[in-house]
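Visitor: I've got a model open and I'd like to learn how to read a few of its features. Can you walk me through them?

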Amino acid sequence: MGDIIRIKRHHYVHILDNNTNVTRCMVGPLVYTRKENERCLFNPKPCIVVPPRFYCIVQNPCVRDASGNPVIGENSSVMLRMGEEEICFEQEPFPLQPGEVLKREEEEWLFKLKLIPVNTGYHVRCLCDFTDKNSVLRRAGTEWLVEGPQTYVPRVEVEVLREVHAHIISPNTALHIRALVKFTDRTGVPREAGDLWTVRTVGAYLPAVEEDVIGTFQGITLTDTEAVHLEALSNFTDVYGKRRRAGERWLVTKEDASIHIPDVHEKVSGKVRAIVLNEKEYCVVQNPLGADGLNEFGRKEVRKGECRFFLHPQEELLGGMQPINVVSKDQALLLQAVDFFDDNGKIRRPGEKWMLHGPAEYIPDVNVRILEQRNLIALDKNEGIYVMNTTTGVVRVVIGKPYMLNENEVLWEKDLSPKVEELLAFANGCMSEGERNPSFKSTRVRHRVVRFNVQHNAAVQIYDYKQKKLRVVLGPNLVILSPDEEFTVVSLSGGKPKVPNLLHCLQLFLGPRFSSDRIVVETSDHARLELDLSYNWYFDVNREEPDAKIFSVPDFIGDCCKTIASRIRGAVAAEDFDSFHRNSAKIIRVAVFGRGENGEINTSLRFSANNLVVTNIDIQSVEPTDAKTRDSLQKSVQLAIEITTKSQEAAARHGKERKDQEARGKLERQKLLDKIEVERTKTKWLQLQAQSEAVQASGQSVAEAKAKAESLLIEVDSELKQAEMRAKAYRITAESELKKQKQKLELELEFTKRQNELDIMKARQIAETEAERVQRMVNAIGRETIVAVAQAGPEMQAKLLGGLGLKGYLITDGKSPVNLFNTAQGLIDAGSSAQEHS
């Protein structure tokens, strides 16, 4: 750089004086000659230009006087405010004084002024004390909000903390605000730190720096069927002007507001649906709200339809919506009082029961409990129920009539032993031990009377435990047990050989019946035999007055079989095998039945203990138990069988030969008789054949003559019929042709007639149309106009002739003759008429 420094307009340089070490700024336009002790620190630079709506920040700015010029210190250098900053806005281009520096951010030193839009603000904080343009003293640390819309003008004493956006409060919404510090809000209400409040004004809400927005809360739409339960979080006055205490709960419905926006001091406990009762419904509300607005805990209230209501907080609906108890004429309600109350003039005591009979509609009082609904029990003449009086404990049977229990009666269930229950499930009341079901469950209705059908020729024993009496019922009959009666179960032996308690029965069959048994006996020669026996037996019972004696032996089958078996064993033991084998039936009958006084075998065996009578005994089989005895007995039986078989075969063979001889003799005799019959038949056939040939010869000629005559007759008849048919066809053809011509003429005549009518109608319509047209023309033109038109021609001719001095004129071609006499006469007449007019 030379000694001469040319500085353009709006440019500047810094000159350093090496002697004083002071740097000064020189601004163009200027031509400066540098001294030897001076040094130019840089080439001329353009001055700082800040355009409109921009600014820059100068660090370490110089101190300026009142006129804005830099202040020079004692050492002739510019005084600087070290460590401070200065914001320069739109102004004339200016240079940077020595020591001043432009603050750069991301290599940019020129910043655009920020525009704060609508519903936006800047949260700013004061860094040091200053007085703003509104003469408000700002202390360091003070924070406030700069609201838009405006251009934010930055200050070095203020820093922007954040951008704050407005919260839009739409209809049916609200903001919950919390105070961060003690201050007075924009509505002039003083707030303490931690205070909460609600802003419901619709529009944009820009929170102050002292406010914290908890959130936006949507309003709850309240309808005729929906409401809300609210709970106060602290003491406050709600939006409806009511003072609420902390913990208090209340109901808000559509009658209070169509939309409820929860306050910050309340919370929504829940939404409730309306309870709608029709005229046939009711409900019970526990802890209802009293007249003072407080719940009456422990009290109940019945609400009847038709109505609609909401449950208040702490109110409970017991049992939900219940239909009115409709009691028909065959029904009744069993009611019980739970507390003293007046029942239509009658005082009911706690625990008292009574019946409400139908027909009626009943809504129970809060002091009444419905125990059950009872129906009229329909009973046939053979049906019944057990009824117990709860006051006296007496159980009775009601049979054969419809019955309604009263308030002191209940249905009594009669319990039977499992064995009896299972036997009642069988049709005949009997079952074997193998038919028992360990998992059997009775389906019997226990309060219904126990019934059992006693079959024909059977007996049932019933014991009354209360009266300690027995009664026997003979069948066929229907047994109905009283409350204190039980069946006597008979357990009998069964099987072969007999096994005790194999068969269980409710009824005892009186017989006659049979039983079978298998016993082992031993003869005097020690042959052991197995006998299969069958007994016929019956009970000797008085049908008019049956005795319980027949049930005195529980297992009469086992007792009878044991008695008979012991007698047979004793009798067989006295006989040897051969003797017993030949006379087994007689020996056993004598052993069982014994002999009478006359020495004959008795016909029956009677057991006096139960009047059982055995009438017959049958030996079904005899089987030795010893193998050798069985083999020898089998050989003897086989030998006897063989001898018997051979004798039967010889007798059969002899009988067969005799029958063959007789058959052959009968056959020969029949052959001779058949030959004689054939000869007789052949003779008759030859006679008939001769007669047939004679008849055939004479009948052929007669038949030919008759056929020819009939043929000629048929031909003549055929020709006659053909002639008649031709004549008839010709007549029909002529008639049809005549009819055709007649119809054709009629049609032509009808066509001509209709065509003439159409022509006449057409001509008439044309004439009417023409007349109407002329009439319309006449009406349109007018009568005077037509007369004038008609007179216009002659009058004009008369005027022309008058102008020519002629009385008239005649034009002719010279070829046609003209009657001049008439012409003259016309002229004369015309002249005379003219004179008369004159």
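Guide: Happy to. Keep in mind that this is a predicted model.

Visitor: Take I786, then. Where is the place of I786?

Guide: I786 sits in helix α6, which covers residues 783–804.

Visitor: And why is I786 called partly exposed?

Guide: Partly exposed is the class between under 20% (buried) and over 50% (exposed). I786 has a relative accessible area of 36%, so it's partly exposed.

Visitor: What about L424: where is its place?

Guide: L424 belongs to helix α1, residues 418–424. With a relative accessible area of 21%, L424 is partly exposed too.

Visitor: Which residues does L424 touch, leaving out those up to four places away in sequence?

Guide: L416, V450, R451, F452, F487 and L506. For a sequence-versus-space check, take L424 and N453: they're 29 residues apart in sequence, and their C-alpha atoms are 9.7 Å apart.

Visitor: Which residues does the UniProt annotation "repeat: MVP" cover?

Guide: Read those as spans from a record, then look at each in the model. UniProt's spans include 13–52 and 381–433. Residues 13–52 are 0% helix and 50% strand, with end C-alpha atoms 25 Å apart. Residues 381–433 are 13% helix and 32% strand, and the end C-alpha atoms there lie 35 Å apart.

How values were computed:
Residues numbered from 1 in each chain as written. Predicted model: local features only at pLDDT ≥ 70, side-chain atom pairs only at ≥ 80, totals over all residues. Heavy atoms only, no water. Helix = DSSP H or I, 4+ residues; strand = E, 2+ residues; numbered from the N terminus. Buried < 20%, exposed > 50% of the residue type's maximum accessible area, 1.4 Å probe, protein only. Contact = heavy atoms within 4.5 Å. UniProt positions renumbered as here; feature names shortened; annotations may be inferred.
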